[in-house]
Amino acid sequence: MTDFIPNFWQQIEEPQAWLIFLFPLGAFLVNSLIIRPFFNQYSKLSGWITVVSLTASFVLSVYAVGSVAANDGRSIGWASHEWVEVANFKMTVGIMMNSLTALMLLVVTGVSLLVQIYSMGYMKGDSGYSRYFAYMSLFTASMVGLVMSSNIVQLFVFWELVGLCSFLLIGFWFHKPSAAAAAKKAFLVTRVGDFGFLLGILYLFSQGDSFTANNLNPLEIRDIEKAIGLGTVISSSVAGWIALGFFLGAMGKSGQFPLHTWLPDAMEGPTPVSSLIHAATMVAAGVFLVARFFPLFEASPVALDTVAIIGGVTVVFAASMGLVMNDIKRVLAYSTVSQLGYMMLAIGVGAPGVAIFHLFTHAFFKCLLFQGAGSVSHAVGGTFDMRYMGGLRRVMPWTYATFLIGSLSLAGIFPLAGFWSKDEILASAQGQAGFIPQAVFGLALIAVTMTAFYMFRVLFMTFEGDYKGGADADPDVESHAPSNTPHESAWSMLGPMVILALLAIFAGFVANPIVNLGAIPEHWLVHDFLHESAAKFNLGIAAISTFAAILGILLAYLMYVSKTISAQTVVSSVRPIHTVLSRKYYFDELYEDLLTTRVFYRGLAGALDWFDRCVVDGLVRVIDNFGRNIGRLIGQAQTGQVQSYGAVLSGGVLVILGVLLFLK
Amino acid sequence: MEFEGNGLLTLVVFLPLAGALGIALFIKRDKQVRYIAGAVALAELILSVMVFTTYDLSKGGLQLVDRTSQWIPIESFKVEYYLGVDGLSTPLVLLTGLLGFAAVYASWSIKTRVREYFVWLLVLQTAVMGVFTSLDFILFFLMWELEMIPMFFLISIWGSGRREYSAMKFLIFTFLGSAFMLVGILALFYSTGTFDMILLPDAIAQTELIAPAGIIFGLIFTAFAVKLPVWPVHTWLPDAHTDAPTAVSIMLAGVLLKMGGYGMIRVSAGMFPEVIVDAAIVLAALGVVNVIYGAIITIRQTDLKRLVAYSSISHMGYVLIGISSVAGVGGLVSPTGLTGAAMQMFTHGTITGLMFLVVGLTYEKVHTRSIPELGGLSARMPVIAVAFLIAGLASLGLPGTSGFVSEILIFLGAFPVYGWFTGVAVFGVVLTAGYILWMAQRTMFGPTIDRFSNVRDASRMEMVPLAVLIGSIILVGIYPSFVSDMFRDGVAGIVADIQRSGALAMVLP
C-alpha cells in the first residue's frame with residue numbers, strides 16, 4: 001500500500017478521465033473556431049484559454065496518478081465503448097488507465113502547461129498568436145488521447161494527429177521556406193515509420209480468428225496483453241513481426257536511427273514548440289508505444305534485441321553529432337535523439353519501467369534546456385548560433401542558473417534527476433547477460449562522456465567568455481529585432497523555467513528514491529508504481545558513470561573556458577571526422593539528394609512518367625492511328641465515280657459466280 | 001402503363017433535366033440562368049438528402065422504387081422504367097447531390113455561352129443520378145451513355161489547352177468501353193430474358209448462359225474499368241481533367257469515376273459471384289499497380305489539375321483492392337473490404353471534389369496552375385489555403401477525415417486475403433503524403449511572390465461549397481457510421497451471394 005496517498009482519496013471516474021482529453025480539445029475548438037475567425041483582435045484570450053484548460057487537465061492528471069497509486073499501481077478498468085462497427089471490424093474507444101497512462105498524463109499535461117505559460121511570453125506580438133495556441137491545444141489533446149487509448153486503432157488515430165500537429169507547428173512560420181521544408185520532412189519521415197505501424201496493426205487484425213476463439217478482440221490493447229499471457233493465441237514469430245512493425249512506427253516518431261533526420265530540422269518551429277516536442281509530446285510517443293506493447297516485444301527475443309541495438313546505436317550516433325553543432329537548438333535536438341536511444345535500449349534490455357522513468361526525468365530537464373535556449377535567443381536578438389553568444393551568465397543569472405541545473409541533470413550528475421534514471425538504465429543493461437546487453441551498455445557508457453561534453457560545451461560557449469554580438473554579428477539571420485543589449489527574459493518565461501529546474505533536481509530521487517524517503521518507499525516509481533522489480537541502484541556503475549560524466553565536463557572546461565586545450569587544434573587534428581559529424585554523416589544528402597531526388601524522383605518516377613506518356617498512351621495513339629489509316633485506306637475507294645463502283649461490283653459478281661461454279 | 005412508387009427518385013433524376021430544358025427554352029439572361037441553375041442544384045441537394053434520410057436502414061433492401069412495367073412495349077424486349085435505391089446506391093445519390101451543388105456554384109464565374117453551359121451541367125447531373133438509381137439494365141445503359149454527351153461538350157467548349165483532343169479521347173475511351181458493355185447486357189438478356197438488375201443475379205445463377213460467364217463478365221467489366229479508371233486504360237483521365245473546366249473536373253473525379261466502381265460492385269461482383277472470386281487476384285494486382293504507379297507519376301506532375309487527376313487514379317486503386325477482398329479467407333468473406341471500397345468512392349468523391357474546387361479557385365485568382373510558378377499563397381488567401389490543406393490531409397488519409405475511414409476499412413478487409421498486395425498498397429499512404437505535402441509546400445507555403453500580392457481570398461459565395469464539402473469530410477471522418485452502415489447493408493447481399501455460390505470452395509483448400 002502506498003502510504004503517502006491520504007485515506008479520503010476517491011478513485012477517479014471515467015468521465016473525469018475523459019475531461020483530461022476534452023479540456024485541451026475544447027481549447028482547440030474555441031481558439032480555432034471562435035477566437036481566431038471572429039475575435040482575432042483579442043487574441044490574447046487564446047493564451048489564457050489554453051493555460052486555464054491545461055491547468056484543469058493537469059489537476060485531473062494528478063488525480064489520476066493518485067488514484068492509480070492508491071490502487072497499488074494496478075490499472076483501473078473501464079470497458080471500451082463501441083464507436084463504429086463494420087462486419088467483424090468493431091472499432092471501440094475507451095480509456096486504458098494504468099500506471100503508464102497516468103504517469104504519461106502527468107508528464108504531458110504538466111510539461112505542456114509550463115510550455116504554454118512560457119509561450120505567452122515568448123510568442124507575444126506574433127501575428128499568429130491564436131493560431132499558435134489552437135495548434136498547441138490540439139497537440140496536447142492528441143498526445144493525451146494517444147496515451148489514454150484502449151484500442152489500437154484509436155491509438156493510431158491520435159498517433160497521426162500528433163504527427164499532424166507537429167507538422168503544423170514546425171511549419172508555423174510557413175512563409176520561411178526552411179520551415180515549410182522541415183515540416184514536410186517531419187511528416188514524411190515519420191510516415192515511413194507509420195507505414196510499419198499500420199502493417200503491424202493489419203497483421204495483428206488478420207490474426208483475429210485466434211483472438212475471437214479466446215473471446216478476445218485483437219484491437220483492444222488489454223486483450224493483446226491477455227493473448228500474450230495465454231501464450232497460445234499468437235506465436236512468437238507472429239508477435240515478433242507485429243512488434244517490429246510497431247517499432248518502425250516508434251523509430252519514426254522517436255527519431256531513432258536511421259529515421260532521425262527530421263528531428264534536428266524540426267526546430268524551425270517556435271522554440272516552445274521544440275521544448276514541447278522534445279520533452280512530452282511527439283518523440284515521447286514512440287517510447288510510449290514500445291512500452292505500451294512491451295508484452296509483444298517480450299514474446300519475441302528478436303524484436304527485443306532489435307530495439308536494444310537500434311537504441312544503443314542511436315545513443316552514440318546522435319551524441320557524436322551533438323559534439324560539433326554550433327546551433328544551440330541543434331545540439332539539444334541531437335541530445336534528445338540520443339536520450340531517446342537510452343530509453344529504447346532500456347526497453348530492449350527488458351526494462352520498460354526504467355525507460356519510462358528516464359522519459360519522466362528527461363521531460364523536465366530537456367524542456368527546461370529548450371526554454372533556456374529560447375530565453376537566450378530572445379536576449380541576443382534572435383540567433384541560436386553559439387559562436388555569436390558568450391558572456392551571458394552575468395546578464396541572465398536566472399537563465400544561467402536554470403540552464404546549469406538542466407545541463408547537470410542531463411549529464412547525469414549526482415543527485416540530480418537525470419543521474420538516477422540514467423544509472424538505472426546502465427544498471428539494467430549491465431545486469432543482463434548476453435552479448436547485446438553488454439554491448440549496448442558499453443555504447444551507453446561512452447555516450448555519458450559525450451553527453452556531458454556537448455552539454456557543457458553549450459553552457460560554456462553561451463554563458464562564459466565575452467559577448468560576441470548576438471544576432472547582429474550572425475550573417476545568417478536576415479531579419480531580427482532592432483539591435484539591443486542582452487537582457488534577462490520576462491517572468492512569464494522564467495517562472496516555468498524555475499519550476500522545471502526544481503523538477504530537474506528533485507524528480508529523480510523523490511519519485512524513485514534509493515532508500516525509504518519518509519512515506520515514499522524505495523524505488524517507488526519503478527517498483528511499486530510501474531511494477532518492474534529488476535531495476536536496482538548499482539553503486540559501482542553510478543561511480544563509473546559519474547566519473548565518465550565529469551570527464552566530459554572537464555574536457556569541455558579545458559577546451560572552452562581555460563582554453564588549455566585549443567579547440568581549433570583538436571578540430572584540425574581530426575578534420576575528416578569533424579567534417580563527417582558536422583555534415584551529419586551525410587544522411588540528408590543520402591536521403592534527399594541521392595535516394596529521393598536522384599533514384600526516386602528522376603530515376604523511378606521519371607521513368608514511369610515517361611512510360612505512361614510514351615508507352616501506355618503511345619499505344620493508344622498507335623491504335624488510334626491504325627484505325628484512322630484503315631479508315632483512310634477504305635475511304636480512298638470511295639471515289640464517287642459510278643464507273644469504278646460498277647467495275648468493282650461487276651468484278652465481285654464474277655468472282656462469286658466463279659467460286660460457285662468451282663464448288664459445284 | 002401503370003406507375004408505382006412515390007416519384008421521389010423520378011424527381012431526383014429528372015429535376016436537373018427539367019431545369020436544363022427550362023433554361024434552354026425560356027431563359028435568356030445569363031444572370032437568371034445562374035440563379036435558376038443554382039436553385040435547381042440546391043433543390044437537388046435537398047432532394048438527395050431527403051432520399052438519404054428517407055431510406056430506412058432498419059428495413060434495408062430496395063426502397064423508394066418508381067416503376068412502370070412495359071416502358072418500351074415490345075413483347076419480347078421487356079424494358080422497364082425502374083428506379084430504386086438500396087444501401088449501396090443511396091449514399092452515392094447523396095454524393096451526386098453534394099457535388100452537383102458544388103459544381104454549379106463553382107461555375108459562377110463562367111462567362112461564355114452561359115446558358116448552354118448550365119444546360120449541359122444539369123443534364124450531366126440527371127445522367128449520373130440515373131446511373132445510380134436505374135435498376136433496369138437498358139435504362140442503366142441509356143443513362144451511362146447520356147452522361148458522355150454533356151461531358152463532351154463541356155470539355156470541348158469550355159475547357160482549356162488541348163480541349164478538343166481531350167474531349168474526343170474521353171469520348172472514344174468511354175464509348176469503346178460501353179460498346180463492350182452493351183454486348184454483355186444483351187448476352188445476359190438473351191440468356192435470362194430479363195433486364196431487371198435485381199432479378200438478374202438469381203437468373204444468371206439458374207440459367208445456362210449463351211456465352212461463358214467469364215466472357216460476359218469481361219465485356220461488362222471493361223466498361224467499368226475504363227470509367228474507374230484501371231491501369232492501363234487510364235490515360236484519358238489526366239487529359240480530360242487537365243483541360244476540363246473546374247466544375248466538370250469536380251463532377252468527373254467526384255462522381256463519374258464512381259460509376260465505374262459502382263458498376264463493379266453492383267454488376268461485376270453482384271451478378272457474377274463465381275467469376276469475381278476467380279478474378280479477385282487480378283483485381284488486387286491491378287489495384288496495387290493503380291495505387292503505386294499512379295502515386296509515383298503523381299509526384300512528377302507540375303500542373304495542379306493533372307496532379308490531382310493522377311492522384312485519383314492512385315486512389316481508385318484502393319477501390320479495386322477493397323473489391324478483391326471478396327475472395328475471402330478460409331471460405332469466409334468479410335464485408336469489411338467491400339464496404340471500404342464503397343466508402344472510398346464516397347470519401348474520394350467529396351475529398352477530390354474539394355480538391356478540384358480549391359484548385360479551380362486558385363486558378364481563377366492567380367491565372368496559373370503550374371506549380372513552379374506558384375508559392376506563398378496562404379498569406380494572401382488563407383481560407384483557400386486551409387481548404388486546400390484539409391483536402392490534402394484527407395487525401396493522404398489523416399485520421400479525423402473521411403479518407404482515413406475508407407482506407408483503413410479497405411486495408412483491414414483486404415490484408416487477410418491478399419497480404420502482400422495490400423502491404424505494398426499500404427505504402428501508397430507514404431507516397432500520397434509525399435506528393436500532397438510537397439504540393440502544399442510549393443504552392444501555399446514559402447515567401448509571398450510579388451505578382452500575387454493583390455490576389456483575393458475566396459468570396460462568401462465561394463465559401464459555401466467549400467464549407468459543405470469540408471463539413472461532410474470531417475463529419476464522415478469522425479462519425480462514419482451513418483454512411484458506412486448503409487454501405488454495409490448494401491453489400492451484405494452481394495457478400496452472402498458470393499458465400500452461397502460455392503465459388504470459394506473452389507479457390508481455397
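Leaving aside its neighbours within four places in sequence, which residues is A:A504 in contact with? Keep that one in mind; the tour gets there after a look at the chains.

**Before you click**

This is a predicted model, in which local features need pLDDT of at least 70 and side-chain atom pairs count only at pLDDT 80 or more, while totals for chains, interfaces and linings use all residues. Residues are numbered from 1 along each chain as its sequence is written, and chains are lettered from A and ligands numbered from 1 in the order in which they are written.

**Stop 1: chain A**

Along the principal axes, its C-alpha trace spans about 120 × 65 × 60 Å. Of its 664 residues, 57% count as buried. Buried means 20 or more other C-beta atoms within 10 Å of the residue's own, exposed means 12 or fewer, and partly exposed is in between, with C-beta atoms placed from the backbone.

**Stop 2: chain B**

**Stop 3: where A touches B**

Show both chains. The contact takes 38 residues from chain A and 44 from chain B, where two residues are in contact if their C-beta atoms, placed from the backbone, lie within 7 Å. On the chain A side, the elements giving two or more residues are strand 1 (81-86), helix 5 (152-170), helix 6 (177-206) and helix 26 (587-637). Helix 6 of chain A gives the most, with 14 residues.

**Stop 4: A:T190**

Stay on helix 6 of chain A and pick A:T190, which lies in it. A:T190 counts as buried because it has 31 C-beta neighbours inside 10 Å. Residues up to four places away in sequence aside, it touches A:G163, A:G252, A:K253 and A:W262. Draw a distance to A:G252: the pair is 62 residues apart in sequence but 4.3 Å apart in space, C-alpha to C-alpha.

**Stop 5: helices 16 and 18**

Select residues 352-379 and 397-411 of chain A, which are helix 16 and helix 18. Their axes come within 9 Å and cross at roughly 145°; axes are lines fitted to C-alpha atoms, for helices over the stretch in contact, with angles running from 0 to 180 degrees between N-to-C directions. Helix 16 of chain A contributes A:F365, A:L368, A:L369, A:G372, A:S375 and A:V376, while helix 18 of chain A brings A:T399, A:T402, A:F403, A:G406, A:S409 and A:L410.

**Last stop: A:A504**

Finally, centre on A:A504. Its contacts, neighbours within four places in sequence aside, are A:F364, A:F365, A:L368, A:I405, A:G406, A:S409, A:L416 and A:A417.

How values were computed:
Helix = DSSP H or I, 4+ residues; strand = E, 2+ residues; numbered from the N terminus.
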